[in-house]
Amino acid sequence: MKLNLEDIIKSLVDVESIELENVELDVEELVIQAKQAMLMPILQQLQPQAAATLEAKPEQKLEALPEITFEKPVKEYRGQVEEITLGATRSEGGSRSKVIKIGGQRTLYHFEGGWVNKPVVSFDVFDIPQPQFPKALREAWGDFWDSPAEWAREAVKRGADLVTIHLVSTDPKVKDTPISEAAKTVEEVLQAVDVPIVIGGSGNPEKDPALFEKVAAVAENERCLLASANLDLDHKRIVDAAVKYNHNVLSWVSLDINDQKTLNKLLLEEGLPRERLVQDPTTAALGYGLEYTYTMIERIKINALKGEKELAFPVSCGVTNAWAAREAWMNVAEWGPREYRGPLWETVNALAVMIAGADIMMMLHPSAVQAIKAIIDSIFGDYQGVEIKYENWLKV
Amino acid sequence: MAKVSPLEIYKHLPGLNCKECGEDSCMAFASALIERKKKYEDCAPLVREEKYKKKLDKLVELVTPPVKEVVIGTGERACVIGGEEVMYRHELTFFNPTALFIDVSDDLPADELAERVAKINKFAIERVGQKLRLDGIAVRAKSGDPARFGEAVVTAVENSDLPLMLCSFDPEHLEVGLEIAIERRPLIYAATKENVDAVAELAVKHNAPVVASSPGDIQGLLELVAKLRSKGVEDIVLDVGTYPLGAKFGSSLENMVMLRRLAIEKGEKLAGYPIMGVPLVAWLNGDEPAKAAMQECIIASTQLLRYADLLVLHSMDMFSLLPLLTLRQNIYTDPRVPIQVDAKLYEIGKPDENSPVLLTTNFALTYYTVASDIEAGKVDCYLLVVNTEGLAVEPAMAGAKLTGSLVKEAIEESGVENKVKHRKLIIPGMAARISGEIEDLTGWEVIVGPIDSSRIPAFIEQKWKSEA
């Protein structure tokens, strides 16, 4: 007799009990593979009934609880956040192994049913070594930073959904690396990894438009995210490059929701299609203004769902700014070991913007990335975690 | 009174403009009520005169927050939780910061227990001019022996003045604890489906707030609350269960959001109570301590952002408490307070004509961070605040909002040249790029200071004093 285990499990879920008679299992090792969610109800039944909770005294008769009808408090929303595609596969003219979709929310909360895409994590990679990094980050990346391609490859190994290549050395005040060389770096990174990439500029308003024109051309059809356009530079040139070579644009402002609306509107007027815009309200560090970022993201998402179209785009956050906080890196005995404190600082910063509604978190420390992905997977039900009995917290 | 306008409040006031409340008009009093600077009882005619009874009733209904305020403990360190009116801080503000309770278990040796209690009691860390502290002690009945539990409660009472939470599912334990600690108005943990009759009786008898616990089951929780209310219990805290990272953690977060939304947006009275979480469950996995403490911090931070008003923790490691305390400080900052401080010359300590002049920006957080670092280092100096439109130093530099000409303006307008004899300006390390520009435009000598303001006192000690 051939047993299909999945059918057995299914039947176990549907019936109270099942008895196998006259069956001999002649195997050395029996591995039952089934989704944990499917097995849980059975495993729970196998456990002794609620031994740890208080046993009602037999002479006491429990009064029945009043009956309440409970309905999930879901709401109707008029608006929807634009869905943005990052990366392009071969069939679309790019060379990524898969695309990443972000945004697209129709509801404020996951439990309301309008969420299709998970928030994602991008690892920051720089085009030159970063010896000024705090110790925890030097230890994580110091072996790889001589080559941006190597660094990017390692970032993907450590769980990056995206990689951001920051072309910081092109800044005239840093190294004034020629644009042609920066373009080569972008090509190397594209060859080294097959995840979608974000391209960060120099931050210099004079140089960035020309820089983006060039890198957009060498990365043609890869549907990168050009980071970023802001109110202080010639954003029209960045929009033109994005449209011509098939990329997305990050619209970056400094913690001002009206500026965000203004810039988004300008970029759209300049010809950027709606499905190509991602916004960055600026991420302040935990302890140094995080609440402004938190509230601005909440307002963006709430207004977007109310139907305010100028704000209805996914949000990207430079969580790496967490490391600007002295509490993240400074060696102060009273604050406890910084090898734990630093990554935790970045994790809490990331989870705060994620809870507020961020769609991309740009991050640096591998264990912070691991933690934030576990939280995201918990919320989306993709990570079961270890089963505990809650009441046992009194007994631990 | 979620998002009530002053006009709506005004309709239910006598409209006498009698000023007995201390405000200039009834309209001003209405605004003060919304901002909780005044209480409805401050309107004397309204409370005094029978003819206003209807108005009074309506007003009380309007100004009672949809989430009940629950007080735990007594005296200076009594802790108030709940009382919230909005889902999102920008709609008004959040009022009562999440209370952080640390556990002690009753099976600890007596001296260890006393030591831990004392440590929780005196814990404090200073951040940006605020003292961050822990708010209470959760005594866990782990031993299973009511007498031992009683001893632990005695130790907690004797070694601290913090609010207590008595944790057991056994009414006998709870009664022992309540008899000892009743003067301190402890929170009872917890009424469950199984023990609700006995626990409700205890709560009413001792007039103590009580937790209703129904892990993973909102409907069951609301039924439990209905039952407690029917027995006459008024002060309730909601516990819908906490789990280590995983799918159940995810749904428990959503349960917290649903409870708060039911209370605030749907007017569901049964959900209108403070919510609690137990990040301490991170210690149930048997992970090594550092890992468990980090997971505890992550669970706690997430729950804090998802409307938890009280959290029970185990770790007292600063590396895991500091991010959580800081997050709480951030989220409970009143968003109505402006993001900028006045751009002018500030005196820190007692500066004289030879004292250093330091420069910073008018972003409120930057200013307070720098000022509190200088105060902590007991440096007497002038702090020249430049109007960068509310940006911190780094973004101001990036956005050309901190420039030589702005510094020139600030120097001229502040009158600093009449206050000091020297012409030396210490600028933030991150503004080093514009030092030449400042010197050219102002004629002042620029000294590039440290990148992080915590290093200012040492910098003044070494650089300024040797130069002066």
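A salt bridge is here a side-chain nitrogen of Lys or Arg within 4 Å of a carboxyl oxygen of Asp or Glu. One such pair joins the side chains of E387(A) and K248(B), at 3.5 Å from N to O. The model is a predicted one, in which local features need pLDDT of at least 70 and side-chain atom pairs count only at pLDDT 80 or more, while totals for chains, interfaces and linings use all residues. Residues are numbered from 1 along each chain as its sequence is written, and side-chain values use heavy atoms, with hydrogens and water left out.

Between chain A and chain B the count is six salt bridges, whereas over all chains the count comes to 48. Where the two chains are in contact (heavy atoms within 4.5 Å), 75 residues of chain A meet 90 residues of chain B.

| Pair | Distance |
|---|---|
| K75(A) and E265(B) | 2.9 Å |
| D176(A) and K207(A) | 2.9 Å |
| E265(B) and R261(B) | 3.2 Å |

K75(A), E112(A), R261(B) and E265(B) are linked in a network of salt bridges. For accessibility, buried means under 20% relative accessible area, exposed over 50%, and partly exposed in between (1.4 Å probe, protein chains only). By that rule K75(A) is partly exposed at 33% and E265(B) is partly exposed at 30%, while R261(B) is buried at 0%. In the pair within chain A, D176(A) is partly exposed at 42%, whereas K207(A) is buried at 13%.

Notes. Chains are lettered from A and ligands numbered from 1 in the order in which they are written.
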